[in-house]
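This report describes one protein model in running text. Please look at the sequence and the 3D structure before reading on.

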Amino acid sequence: MPMLYSVIVPVYNVEAYLRECVSSVRAQTYPDWELVLVDDGSTDSSPAICDELAEELGEQACGRRRATPLSRLIPTMPFAPTRLK
């Protein structure tokens with residue numbers, strides 16, 4: 001069974017470049033991949049474009065995910081310090 005590759009694209013106010021970026025990913029030749037678009041609170045139309053692109057890609061897209069602030073992730077990490085300086 002071929003390995004599935006995940007292509008993770010950080011998205012923050014990149015409406016002018018997002019379609020070109022995804023087109024570049026789609027143009028590659030390896031058949032087993034998925035695309036994860038991680039929106040970090042964009043204030044332009046990037047989130048709507050992500051949703052459009054995810055619909056176009058169907059099963060190859062994981063859709064748009066909202067990034068979680070690092071400050072909220074640290075307490076859940078098993079190696080996290082008990083106090084942050």
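## Report on the predicted model

The place of tyrosine 30 is in the loop between α1 and β2. Helices (H or I, at least four residues) and strands (E, at least two) are DSSP runs, numbered from the N terminus. At 32% relative accessibility, tyrosine 30 counts as partly exposed. Here buried means under 20% relative accessible area, exposed means over 50%, and partly exposed is in between (1.4 Å probe, protein chains only). Leucine 4 is 26 residues from tyrosine 30 in sequence, and the two are 9.5 Å apart in space, C-alpha to C-alpha.

This is a predicted model, in which local features need pLDDT of at least 70 and side-chain atom pairs count only at pLDDT 80 or more, while totals for chains, interfaces and linings use all residues. Residues are numbered from 1 along each chain as its sequence is written, and side-chain values use heavy atoms, with hydrogens and water left out.

### Overall layout and confidence

The protein has three helices and three strands. Along the sequence they follow the pattern β-α-β-α-β-α. Of the 85 residues, 27% count as buried. Contact means heavy atoms within 4.5 Å. Among the contacts with a separation of 6 or more, 80% are between residues 24 or more positions apart.

The predictor's confidence in each residue is given as pLDDT, from 0 to 100. The average for the protein is 77, and 69% of the residues score at least 70.

### The nonpolar core

A nonpolar core is a set of buried Ala, Val, Leu, Ile, Met, Phe, Trp, Tyr and Cys residues joined through side-chain atoms within 4.5 Å. The largest one in this model has 14 residues, and those with the most contacts inside it are Val11, Leu18, Val22, Leu35, Leu37 and Leu57. Two or more residues are given to this core by each of β1 (5-11), α1 (18-26), β2 (33-39) and α2 (46-57). The most come from α2, which gives five residues. Beyond its neighbours within four places in sequence, valine 22 is in contact with Leu35, Leu37, Leu53 and Leu57.

### Two packed helices

Two packed helices are described by the angle between their axes and the distance between the axes. Axes are lines fitted to C-alpha atoms, for helices over the stretch in contact, and angles run from 0 to 180 degrees between N-to-C directions. The axes of α1 and α2 come within 10 Å and cross at roughly 25 degrees. The two helices are therefore roughly parallel to each other. Angles under 35 degrees count as roughly parallel, over 145 as roughly antiparallel, 65 to 115 as roughly perpendicular and the rest as oblique.

The crossing of α1 and α2 is right-handed. A crossing has this hand if the near helix is turned clockwise from the far one by less than a right angle, and is left-handed if anticlockwise. On the α1 side, the contact is made by Leu18, Arg19, Val22 and Arg26. On the α2 side, it is made by Ser46, Ile49, Cys50, Glu52, Leu53, Glu56 and Leu57.

### Loop and strand residues

Asparagine 13 lies in the loop between β1 and α1 and is partly exposed, with a relative accessible area of 31%. Its phi is positive, about 50 degrees, although asparagine 13 is not a glycine. Most residues other than glycine have a negative phi.

Alanine 16 also lies in the loop between β1 and α1, and is exposed, with a relative accessible area of 63%. Aspartate 44 is in the loop between β2 and α2 and is partly exposed, at 22% relative accessibility. Leaving aside neighbours within four places in sequence, aspartate 44 is in contact with Asn13, Val14 and Glu15. Serine 6 is in strand β1 and is partly exposed, with a relative accessible area of 42%.

The table lists C-alpha to C-alpha distances for pairs that include these residues.

| Pair | Separation in sequence | C-alpha distance |
|---|---|---|
| Alanine 16 and serine 45 | 29 residues | 9.3 Å |
| Aspartate 44 and tyrosine 12 | 32 residues | 8.4 Å |
| Serine 6 and alanine 61 | 55 residues | 9.4 Å |
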